[in-house]
Amino acid sequence: MAQIVIKAKNLSKSYNGFNSVNGIDFEVESSQCFGFLGPNGAGKTTTMKMIYCLSPITEGELKIYDMTPEKCAAKIKSIIGVVPQDNNLDPQLTVGENLVIYARFFGLPPNLYKPRIKELISFMELDKKMDSPIRELSGGMKRRLVILRALLHNPRILILDEPTTGLDPQVRHLIWEKLRELKSSGVTMLLTTHYLEEASQLCDQLVIMDKGRILMAGNPHKLVAEHLSKYVMELSLNGNLCADQFRFDRPKCYTEVYGSRCYVYSDSEQFLSLTAEEFNLESKLIRNSTLEDLFLKLTGRGLSQ
Ligand SMILES: Nc1ncnc2c1ncn2[C@@H]1O[C@H](COP(=O)(O)OP(=O)(O)OP(=O)(O)O)[C@@H](O)[C@H]1O
Ligand SMILES: [Mg+2]
(Lines give C-alpha, C1' and ligand atoms only; values in the text may rest on other atoms or scores of the structure.)
(Ligands and ions follow the chains in the order given, each with its own letter.)
Protein backbone atom coordinates (compact mmCIF):
# COMPACT_ATOMS: atom_id res chain seq x y z
CA MET A 1 0.00 0.00 0.00
CA ALA A 2 1.23 3.50 -0.84
CA GLN A 3 2.58 5.58 2.01
CA ILE A 4 0.55 8.63 3.05
CA VAL A 5 2.92 11.60 3.20
CA ILE A 6 0.48 14.38 4.07
CA LYS A 7 -2.84 14.00 5.81
CA ALA A 8 -5.28 16.85 6.52
CA LYS A 9 -8.51 16.45 8.46
CA ASN A 10 -10.96 19.30 8.93
CA LEU A 11 -8.02 21.63 8.25
CA SER A 12 -9.01 25.27 8.73
CA LYS A 13 -7.41 28.69 8.72
CA SER A 14 -9.13 31.92 9.59
CA TYR A 15 -7.90 35.49 9.53
CA ASN A 16 -9.84 37.81 11.85
CA GLY A 17 -12.85 35.51 11.76
CA PHE A 18 -12.76 35.03 7.95
CA ASN A 19 -12.38 31.38 6.93
CA SER A 20 -9.73 31.25 4.20
CA VAL A 21 -9.62 27.46 4.51
CA ASN A 22 -12.77 25.93 5.88
CA GLY A 23 -12.52 22.33 7.08
CA ILE A 24 -10.78 20.46 4.25
CA ASP A 25 -9.75 16.78 4.19
CA PHE A 26 -7.16 15.29 1.87
CA GLU A 27 -4.38 12.69 1.74
CA VAL A 28 -1.27 12.85 -0.42
CA GLU A 29 0.53 9.62 -1.28
CA SER A 30 4.27 9.27 -1.67
CA SER A 31 5.72 10.14 -5.13
CA GLN A 32 2.41 11.57 -6.29
CA CYS A 33 1.77 14.92 -7.86
CA PHE A 34 -1.23 16.31 -5.96
CA GLY A 35 -2.96 19.37 -7.40
CA PHE A 36 -4.89 22.20 -5.77
CA LEU A 37 -7.12 24.02 -8.25
CA GLY A 38 -9.52 26.84 -7.59
CA PRO A 39 -10.36 30.42 -8.48
CA ASN A 40 -8.46 33.37 -6.98
CA GLY A 41 -8.94 33.45 -3.23
CA ALA A 42 -10.02 29.79 -2.99
CA GLY A 43 -7.49 29.10 -0.22
CA LYS A 44 -4.77 27.25 -2.16
CA THR A 45 -1.77 29.32 -1.03
CA THR A 46 -3.10 29.41 2.54
CA THR A 47 -3.21 25.58 2.51
CA MET A 48 0.37 25.41 1.18
CA LYS A 49 1.58 27.84 3.84
CA MET A 50 0.13 25.68 6.61
CA ILE A 51 1.89 22.63 5.16
CA TYR A 52 5.29 24.31 5.00
CA CYS A 53 4.80 25.72 8.50
CA LEU A 54 4.72 29.40 7.58
CA SER A 55 1.20 29.89 8.83
CA PRO A 56 -0.19 28.14 11.95
CA ILE A 57 -3.37 26.14 11.51
CA THR A 58 -6.50 27.47 13.23
CA GLU A 59 -8.37 24.18 13.56
CA GLY A 60 -8.27 20.55 12.52
CA GLU A 61 -5.35 18.18 11.99
CA LEU A 62 -2.37 18.30 9.68
CA LYS A 63 0.32 15.65 9.56
CA ILE A 64 3.43 15.46 7.43
CA TYR A 65 4.94 11.98 7.84
CA ASP A 66 3.27 11.72 11.25
CA MET A 67 4.77 15.06 12.32
CA THR A 68 2.63 18.06 13.21
CA PRO A 69 3.61 21.65 12.33
CA GLU A 70 3.05 22.69 15.96
CA LYS A 71 5.64 20.27 17.31
CA CYS A 72 8.05 19.57 14.44
CA ALA A 73 8.22 22.71 12.27
CA ALA A 74 12.03 22.66 11.91
CA LYS A 75 12.10 19.01 10.81
CA ILE A 76 9.19 19.48 8.40
CA LYS A 77 10.85 22.54 6.83
CA SER A 78 14.04 20.53 6.34
CA ILE A 79 12.27 17.96 4.12
CA ILE A 80 10.12 20.40 2.09
CA GLY A 81 11.25 22.50 -0.84
CA VAL A 82 9.10 25.56 -1.49
CA VAL A 83 8.44 27.43 -4.72
CA PRO A 84 6.30 30.32 -3.45
CA GLN A 85 3.71 32.05 -5.61
CA ASP A 86 5.92 35.17 -5.83
CA ASN A 87 9.62 34.91 -6.66
CA ASN A 88 11.54 36.00 -3.58
CA LEU A 89 15.05 36.17 -5.00
CA ASP A 90 17.49 38.85 -3.86
CA PRO A 91 17.69 41.22 -6.85
CA GLN A 92 21.02 42.72 -5.67
CA LEU A 93 22.83 39.37 -5.85
CA THR A 94 23.84 37.05 -8.67
CA VAL A 95 22.27 33.67 -9.40
CA GLY A 96 25.16 31.85 -7.71
CA GLU A 97 25.10 34.11 -4.63
CA ASN A 98 21.35 33.58 -4.20
CA LEU A 99 21.88 29.83 -4.26
CA VAL A 100 24.82 29.84 -1.82
CA ILE A 101 22.89 31.93 0.72
CA TYR A 102 19.95 29.53 0.54
CA ALA A 103 22.20 26.46 0.82
CA ARG A 104 23.83 27.93 3.93
CA PHE A 105 20.40 28.67 5.37
CA PHE A 106 19.75 24.92 5.21
CA GLY A 107 23.10 24.27 6.89
CA LEU A 108 24.73 22.61 3.87
CA PRO A 109 28.56 22.68 3.92
CA PRO A 110 30.43 23.88 0.77
CA ASN A 111 31.59 20.36 -0.12
CA LEU A 112 27.90 19.41 -0.43
CA TYR A 113 26.33 22.53 -1.87
CA LYS A 114 28.97 23.25 -4.56
CA PRO A 115 28.43 20.01 -6.55
CA ARG A 116 24.68 20.17 -5.85
CA ILE A 117 24.43 23.69 -7.32
CA LYS A 118 26.46 22.58 -10.34
CA GLU A 119 24.21 19.57 -10.91
CA LEU A 120 20.95 21.51 -10.48
CA ILE A 121 21.95 24.53 -12.50
CA SER A 122 22.61 22.26 -15.45
CA PHE A 123 19.38 20.29 -14.76
CA MET A 124 17.45 23.58 -15.05
CA GLU A 125 19.54 24.71 -18.03
CA LEU A 126 20.78 27.89 -16.36
CA ASP A 127 24.54 27.12 -16.45
CA LYS A 128 25.40 30.24 -18.41
CA LYS A 129 23.63 32.52 -15.90
CA MET A 130 25.59 31.58 -12.78
CA ASP A 131 27.26 35.01 -12.52
CA SER A 132 24.34 37.11 -13.80
CA PRO A 133 22.53 39.46 -11.44
CA ILE A 134 18.89 38.49 -10.85
CA ARG A 135 17.62 41.68 -12.50
CA GLU A 136 19.08 40.48 -15.82
CA LEU A 137 17.05 37.25 -15.84
CA SER A 138 13.80 36.81 -17.74
CA GLY A 139 10.62 35.78 -15.88
CA GLY A 140 11.04 32.16 -17.03
CA MET A 141 14.68 32.05 -15.88
CA LYS A 142 13.72 33.41 -12.45
CA ARG A 143 11.03 30.78 -12.08
CA ARG A 144 13.44 27.99 -13.04
CA LEU A 145 15.92 29.40 -10.53
CA VAL A 146 13.34 29.40 -7.72
CA ILE A 147 12.51 25.75 -8.51
CA LEU A 148 16.23 24.92 -8.57
CA ARG A 149 16.73 26.71 -5.25
CA ALA A 150 13.90 24.70 -3.68
CA LEU A 151 15.73 21.49 -4.59
CA LEU A 152 19.12 22.37 -3.04
CA HIS A 153 18.57 20.45 0.20
CA ASN A 154 17.22 17.40 -1.63
CA PRO A 155 13.64 17.68 -0.29
CA ARG A 156 11.29 14.70 -0.19
CA ILE A 157 8.31 16.99 -0.76
CA LEU A 158 8.22 19.86 -3.25
CA ILE A 159 5.56 22.57 -2.99
CA LEU A 160 4.95 24.44 -6.23
CA ASP A 161 2.62 27.42 -5.91
CA GLU A 162 1.79 28.38 -9.52
CA PRO A 163 5.21 27.39 -10.88
CA THR A 164 4.53 28.41 -14.48
CA THR A 165 2.24 31.45 -14.24
CA GLY A 166 3.12 34.03 -16.87
CA LEU A 167 5.64 31.86 -18.70
CA ASP A 168 5.74 31.18 -22.42
CA PRO A 169 4.73 27.70 -23.69
CA GLN A 170 8.34 26.59 -24.32
CA VAL A 171 9.44 27.33 -20.75
CA ARG A 172 6.24 25.84 -19.36
CA HIS A 173 6.84 22.58 -21.26
CA LEU A 174 10.48 22.53 -20.13
CA ILE A 175 9.38 22.91 -16.50
CA TRP A 176 6.75 20.17 -16.90
CA GLU A 177 9.47 17.88 -18.24
CA LYS A 178 11.71 18.63 -15.26
CA LEU A 179 8.85 18.10 -12.81
CA ARG A 180 8.05 14.72 -14.39
CA GLU A 181 11.69 13.72 -13.93
CA LEU A 182 11.58 14.79 -10.29
CA LYS A 183 8.38 12.85 -9.72
CA SER A 184 9.84 9.69 -11.19
CA SER A 185 12.85 10.12 -8.90
CA GLY A 186 10.43 9.80 -5.95
CA VAL A 187 9.76 13.44 -4.97
CA THR A 188 6.19 14.02 -3.77
CA MET A 189 4.78 17.19 -5.31
CA LEU A 190 2.02 19.58 -4.33
CA LEU A 191 1.04 21.84 -7.18
CA THR A 192 -1.31 24.78 -7.44
CA THR A 193 -2.06 26.09 -10.88
CA HIS A 194 -4.56 28.03 -12.94
CA TYR A 195 -3.53 26.11 -16.05
CA LEU A 196 -5.92 23.19 -16.26
CA GLU A 197 -3.78 21.63 -18.98
CA GLU A 198 -0.87 21.65 -16.51
CA ALA A 199 -2.99 19.91 -13.88
CA SER A 200 -4.17 17.30 -16.44
CA GLN A 201 -0.61 16.64 -17.55
CA LEU A 202 1.06 16.43 -14.15
CA CYS A 203 -1.40 15.56 -11.39
CA ASP A 204 -2.24 12.03 -10.29
CA GLN A 205 -4.85 13.37 -7.89
CA LEU A 206 -6.29 16.81 -7.36
CA VAL A 207 -8.86 18.80 -5.44
CA ILE A 208 -10.95 21.64 -6.82
CA MET A 209 -11.44 24.27 -4.11
CA ASP A 210 -13.65 27.33 -3.85
CA LYS A 211 -14.18 29.68 -0.92
CA GLY A 212 -12.02 27.60 1.40
CA ARG A 213 -13.80 24.29 0.73
CA ILE A 214 -13.10 21.27 -1.46
CA LEU A 215 -15.80 20.86 -4.13
CA MET A 216 -14.44 17.74 -5.79
CA ALA A 217 -11.48 15.38 -5.48
CA GLY A 218 -10.00 12.62 -7.61
CA ASN A 219 -7.88 11.74 -10.61
CA PRO A 220 -8.26 14.49 -13.26
CA HIS A 221 -9.07 12.16 -16.16
CA LYS A 222 -11.53 10.08 -14.14
CA LEU A 223 -13.27 13.21 -12.84
CA VAL A 224 -13.84 14.49 -16.38
CA ALA A 225 -15.09 11.07 -17.52
CA GLU A 226 -17.42 10.72 -14.52
CA HIS A 227 -18.91 14.20 -14.46
CA LEU A 228 -19.07 15.35 -18.08
CA SER A 229 -20.23 13.94 -21.40
CA LYS A 230 -17.40 13.03 -23.72
CA TYR A 231 -17.86 15.85 -26.24
CA VAL A 232 -18.87 19.48 -26.16
CA MET A 233 -19.99 21.81 -28.94
CA GLU A 234 -19.26 25.51 -28.33
CA LEU A 235 -21.49 28.08 -30.00
CA SER A 236 -21.76 31.84 -30.11
CA LEU A 237 -25.33 32.92 -29.46
CA ASN A 238 -26.76 35.78 -31.43
CA GLY A 239 -30.11 37.15 -32.57
CA ASN A 240 -30.94 34.09 -34.70
CA LEU A 241 -29.77 31.51 -32.29
CA CYS A 242 -30.84 31.07 -28.70
CA ALA A 243 -29.96 28.33 -26.23
CA ASP A 244 -33.60 27.27 -25.74
CA GLN A 245 -33.58 25.77 -29.24
CA PHE A 246 -31.16 23.09 -28.02
CA ARG A 247 -33.02 22.31 -24.84
CA PHE A 248 -36.18 20.83 -26.39
CA ASP A 249 -36.56 17.07 -26.76
CA ARG A 250 -32.90 16.36 -26.84
CA PRO A 251 -32.26 13.70 -24.24
CA LYS A 252 -28.81 12.96 -25.62
CA CYS A 253 -27.40 16.30 -24.56
CA TYR A 254 -27.43 19.02 -21.97
CA THR A 255 -26.75 22.67 -22.45
CA GLU A 256 -25.02 25.39 -20.43
CA VAL A 257 -25.18 29.06 -21.29
CA TYR A 258 -22.71 31.70 -20.12
CA GLY A 259 -23.29 35.16 -21.53
CA SER A 260 -23.19 34.85 -25.30
CA ARG A 261 -21.54 31.40 -25.30
CA CYS A 262 -23.49 28.16 -25.34
CA TYR A 263 -21.98 24.74 -24.51
CA VAL A 264 -23.86 21.64 -25.69
CA TYR A 265 -22.54 18.43 -24.10
CA SER A 266 -23.15 14.94 -25.50
CA ASP A 267 -21.53 11.50 -25.53
CA SER A 268 -22.20 11.29 -29.27
CA GLU A 269 -19.97 13.36 -31.53
CA GLN A 270 -22.21 12.38 -34.47
CA PHE A 271 -25.26 13.74 -32.67
CA LEU A 272 -23.51 17.10 -32.18
CA SER A 273 -22.48 17.21 -35.86
CA LEU A 274 -26.04 16.41 -36.97
CA THR A 275 -27.41 19.08 -34.63
CA ALA A 276 -24.94 21.58 -36.08
CA GLU A 277 -26.12 20.69 -39.59
CA GLU A 278 -29.79 20.85 -38.63
CA PHE A 279 -29.40 24.36 -37.21
CA ASN A 280 -27.04 25.39 -39.97
CA LEU A 281 -24.36 26.32 -37.44
CA GLU A 282 -21.25 27.51 -39.16
CA SER A 283 -19.26 28.99 -36.30
CA LYS A 284 -19.20 26.01 -33.97
CA LEU A 285 -16.44 24.03 -32.34
CA ILE A 286 -16.87 20.36 -31.43
CA ARG A 287 -14.16 19.02 -29.10
CA ASN A 288 -13.49 16.63 -26.21
CA SER A 289 -14.62 17.81 -22.77
CA THR A 290 -11.72 18.84 -20.54
CA LEU A 291 -10.82 19.51 -16.93
CA GLU A 292 -11.34 23.20 -17.71
CA ASP A 293 -15.00 22.52 -18.56
CA LEU A 294 -15.42 20.68 -15.26
CA PHE A 295 -13.66 23.45 -13.33
CA LEU A 296 -15.90 26.12 -14.84
CA LYS A 297 -19.00 24.00 -14.30
CA LEU A 298 -18.16 23.68 -10.60
CA THR A 299 -16.88 27.15 -9.86
CA GLY A 300 -18.89 29.21 -12.34
CA ARG A 301 -17.62 31.35 -15.17
CA GLY A 302 -18.17 34.67 -13.43
CA LEU A 303 -15.90 36.30 -10.86
CA SER A 304 -16.90 36.02 -7.23
CA GLN A 305 -15.40 38.10 -4.44
N1 LIG B 1 -2.45 37.15 5.60
C2 LIG B 1 -3.76 37.24 5.31
N3 LIG B 1 -4.58 38.04 6.03
C4 LIG B 1 -5.89 38.11 5.77
N5 LIG B 1 -6.52 37.42 4.77
C6 LIG B 1 -5.75 36.62 4.02
C7 LIG B 1 -4.33 36.48 4.24
N8 LIG B 1 -3.85 35.61 3.34
C9 LIG B 1 -4.89 35.22 2.57
N10 LIG B 1 -6.03 35.83 2.97
C11 LIG B 1 -7.37 35.64 2.40
O12 LIG B 1 -7.63 34.25 2.34
C13 LIG B 1 -8.32 33.90 1.15
C14 LIG B 1 -7.55 32.81 0.42
O15 LIG B 1 -6.34 33.38 -0.06
P16 LIG B 1 -5.26 32.49 -0.79
O17 LIG B 1 -4.05 33.34 -1.02
O18 LIG B 1 -5.06 31.22 -0.04
O19 LIG B 1 -5.99 32.17 -2.17
P20 LIG B 1 -5.49 31.40 -3.46
O21 LIG B 1 -6.44 30.27 -3.69
O22 LIG B 1 -4.05 31.06 -3.32
O23 LIG B 1 -5.73 32.49 -4.59
P24 LIG B 1 -4.85 32.89 -5.91
O25 LIG B 1 -5.30 31.94 -6.98
O26 LIG B 1 -5.29 34.28 -6.19
O27 LIG B 1 -3.40 32.78 -5.56
C28 LIG B 1 -8.50 35.20 0.35
O29 LIG B 1 -9.79 35.70 0.60
C30 LIG B 1 -7.44 36.12 0.96
O31 LIG B 1 -7.85 37.47 0.88
MG1 LIG C 1 -2.35 31.62 -4.33
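This is a predicted model: local features need pLDDT of at least 70, side-chain atom pairs count only at pLDDT 80 or more; totals for chains, interfaces and linings use all residues.

Guide: We can go from the overall picture to the ligand and then to some details.

Visitor: OK. How many helices and strands are there in the protein chain?
Guide: The protein chain has 11 helices and 13 strands. Those are DSSP runs numbered from the N terminus: helices are H or I with at least four residues, strands are E with at least two.

Visitor: And what does the C-alpha trace span along its principal axes?
Guide: About 70 × 45 × 40 Å. The domain assignment gives domain 1 (4-218) and domain 2 (229-288), with bounds from an automatic or database assignment. Taken over C-alpha atoms, the two domain centres are separated by 40 Å.

Visitor: What share of the residues is buried?
Guide: Of the 305 residues in the protein chain, 34% are buried. Buried is 20 or more other C-beta atoms within 10 Å of the residue's own, exposed is 12 or fewer, partly exposed is in between, and C-beta atoms are placed from the backbone.

Visitor: Which residues have the most contacts inside the largest nonpolar core?
Guide: That core has 63 residues, and the ones with the most contacts inside it are Ile51, Leu158, Ile159, Met189 and Leu190. Helix 5 gives the most to this core, with 5 residues. Apart from it lies another core of 8 residues, including Leu235 and Val264. A nonpolar core here is a set of buried Ala, Val, Leu, Ile, Met, Phe, Trp, Tyr and Cys residues joined through C-beta atoms within 7 Å.

Visitor: Switching topic: which residues surround ligand 1?
Guide: Tyr15, Ser20, Gly38, Asn40, Gly41, Ala42, Gly43, Lys44, Thr45, Thr46 and Gln85, where near means a backbone-placed C-beta atom within 6 Å. Helix 1 (residues 44-51) supplies the largest share of that shell, 3 residues.

Visitor: How do the shell residues divide by type?
Guide: Into 2 nonpolar, 8 polar and 1 charged. Ala, Val, Leu, Ile, Met, Phe, Trp, Tyr, Cys and Pro count as nonpolar, Asp, Glu, Lys and Arg as charged, and the others, Gly among them, as polar.

Visitor: What do strand 1 and strand 2 form?
Guide: A hairpin with 2 residues between the strands, and Asn16 in the turn has a positive phi of about 45 degrees. Strand 1 (residues 4-15) and strand 2 (residues 18-29) pair in the antiparallel sense over 9 bridges, pairing being at least two DSSP bridges. Leu11 stands opposite Ile24 there.

Visitor: What about Tyr231, which partners does that one have?
Guide: Tyr231 stands opposite Ser266 in strand 12, and its bridge partner in strand 13 is Asn288. Strand 10 pairs antiparallel with strand 12 (residues 261-266) over 6 bridges and with strand 13 (residues 284-288) over 5 bridges.

Visitor: Last one: why does Met124 count as buried?
Guide: Because Met124 has 21 C-beta neighbours inside 10 Å. Met124 sits in the loop between helix 4 (110-123) and helix 5 (139-150).

Methods. Residues are numbered from 1 along each chain as its sequence is written. Chains are lettered from A and ligands numbered from 1 in the order in which they are written.
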